[in-house]
Amino acid sequence: MKARIVYASMTGNDADIADILEEDLQDLGFAVETSEAEFTDASDYLNSDLCIFVTYTYGEGKMTDDVADFYEQLKELDLSGKYFAVMGSGDLIYADHFCENVFDFEKMFKKIGATEVTKPVTIENAPDDDAIAKIDKTAKEMAEKLND
Ligand SMILES: Cc1cc2nc3c(=O)[nH]c(=O)nc-3n(C[C@H](O)[C@H](O)[C@H](O)COP(=O)(O)O)c2cc1C
């Protein structure tokens, strides 16, 4: 199984989340490629079985340019037959907008035909031990569903 992780990160938290997930998935037998949204074309997902997007949310849910550009590219794809998962970091002080971009991408992946393999994982700010445990558990769920 090939997994492709694309992440967007302003201050490093989502880059850390992507790293943790990458290592977990490699340990579980996935071939994983990871890259930053700004330097990735969404069509790269077409070469993978499992498409993962990890993102921060800024500006009360309004997408920043790097995230918005990737979202526009994603919109044009047909990912029928592929699996997807989303996760990301936000801050609960933004209340209704907490991790809003994670859920925007969840909706878009569904709209373009991909099948959700695990529920969105939302993490508050930098991943602490509990968050790392949540990422590890999610990676195991992915492996149980897809690699058996
Ligand atoms: C100007 C600004 C706006 C933000 N807006 C939101 C928001 O709307 N929703 C949210 O959940 N978090 C928001 N955050 C919090 C960030 O998403 C959070 O700090 C996240 O961990 C940053 O991830 P990164 O280190 O990968 O860039 C905001 C942070 C800043 C500085």
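Author: First a term: a residue is near a molecule or strand if its C-beta atom, placed from the backbone, lies within 6 Å of it. Please also note that this is a predicted model, in which local features need pLDDT of at least 70 and side-chain atom pairs count only at pLDDT 80 or more, while totals for chains, interfaces and linings use all residues. Residues are numbered from 1 along each chain as its sequence is written.

Reader: How many residues surround the ligand, and which are the closest?
Author: The ligand is surrounded by 21 residues, and Met 10, Asn 13, Asp 14, Tyr 56 and Gly 90 are the closest.

Reader: Which helix and which strand each supply at least two residues of that shell?
Author: Helix H1 (13–27) and strand S4 (83–90) each do. Such elements are DSSP runs numbered from the N terminus, helices being H or I with at least four residues and strands E with at least two.

Reader: What is the shell like by class?
Author: It has six nonpolar, eleven polar and four charged residues. Here Ala, Val, Leu, Ile, Met, Phe, Trp, Tyr, Cys and Pro count as nonpolar, Asp, Glu, Lys and Arg as charged, and the others, Gly among them, as polar.

Reader: Let us step back. How many helices and strands does the protein have?
Author: The protein has four helices and six strands. Along the sequence they follow the pattern β-α-β-β-α-β-α-β-β-α.

Reader: What is the radius of gyration, and what would a compact globule have?
Author: The protein has 14 Å, which agrees with the value near 15 Å that a compact globule of 148 residues would have. The radius is taken over C-alpha atoms, and the globule rule is 2.2 Å times the number of residues to the power 0.38. Taken along the principal axes, the C-alpha atoms fill a box of roughly 40 × 35 × 25 Å.

Reader: What share of the residues counts as buried?
Author: Of the 148 residues, 41% do. A residue is buried if 20 or more other C-beta atoms lie within 10 Å of its own, exposed if 12 or fewer, and partly exposed in between, with C-beta atoms placed from the backbone.

Reader: And what part of the contacts joins residues 24 or more positions apart?
Author: Among contacts with a separation of 6 or more, such pairs account for 80%. Two residues are in contact if their C-beta atoms, placed from the backbone, lie within 7 Å.

Reader: Back to H1. Is Asp 24 buried or exposed?
Author: Asp 24, which is in helix H1, is buried because 20 other C-beta atoms lie within 10 Å. Leaving aside neighbours within four places in sequence, Asp 24 is in contact with Ile 135, Asp 136 and Ala 139.

Reader: What does Leu 21 contact?
Author: Leu 21 also lies in helix H1. With neighbours within four places set aside, Leu 21 is in contact with Ile 5, Ile 52, Ile 135 and Ala 139. Leu 21 counts as buried, since there are 27 C-beta neighbours inside 10 Å.

Reader: New topic: at what angle do H2 and H3 cross?
Author: The axes of helix H2 (residues 65–75) and helix H3 (residues 100–111) cross at roughly 10° and come within 11 Å. H2 is therefore roughly parallel to H3. Axes are lines fitted to C-alpha atoms, for helices over the stretch in contact, and angles run from 0 to 180 degrees between N-to-C directions. Angles under 35 degrees count as roughly parallel, over 145 as roughly antiparallel, 65 to 115 as roughly perpendicular and the rest as oblique.

Reader: Which residues meet there?
Author: From H2 there are Val 67, Tyr 71, Leu 74 and Lys 75, which meet Asn 101, Phe 105 and Met 108 in H3. The residues of this contact divide into five nonpolar, one polar and one charged.

Reader: Where is Glu 100, and what does it touch?
Author: Glu 100 is in helix H3. Not counting residues up to four places away in sequence, Glu 100 touches Thr 57 and Gly 61. Glu 100 is buried, with 20 other C-beta atoms within 10 Å.

Reader: What is the phi of Cys 99?
Author: Cys 99 has a positive phi of about 55°, although it is not a glycine. Cys 99 lies in the loop between S4 and H3 and is buried, with 24 other C-beta atoms within 10 Å.

Reader: And Asn 125: what is its phi?
Author: The phi of Asn 125 is near 55°, a positive value in a residue other than glycine. Asn 125 is found in the loop between strand S6 (121–124) and helix H4 (129–146). Asn 125 counts as partly exposed because there are 13 C-beta neighbours inside 10 Å.
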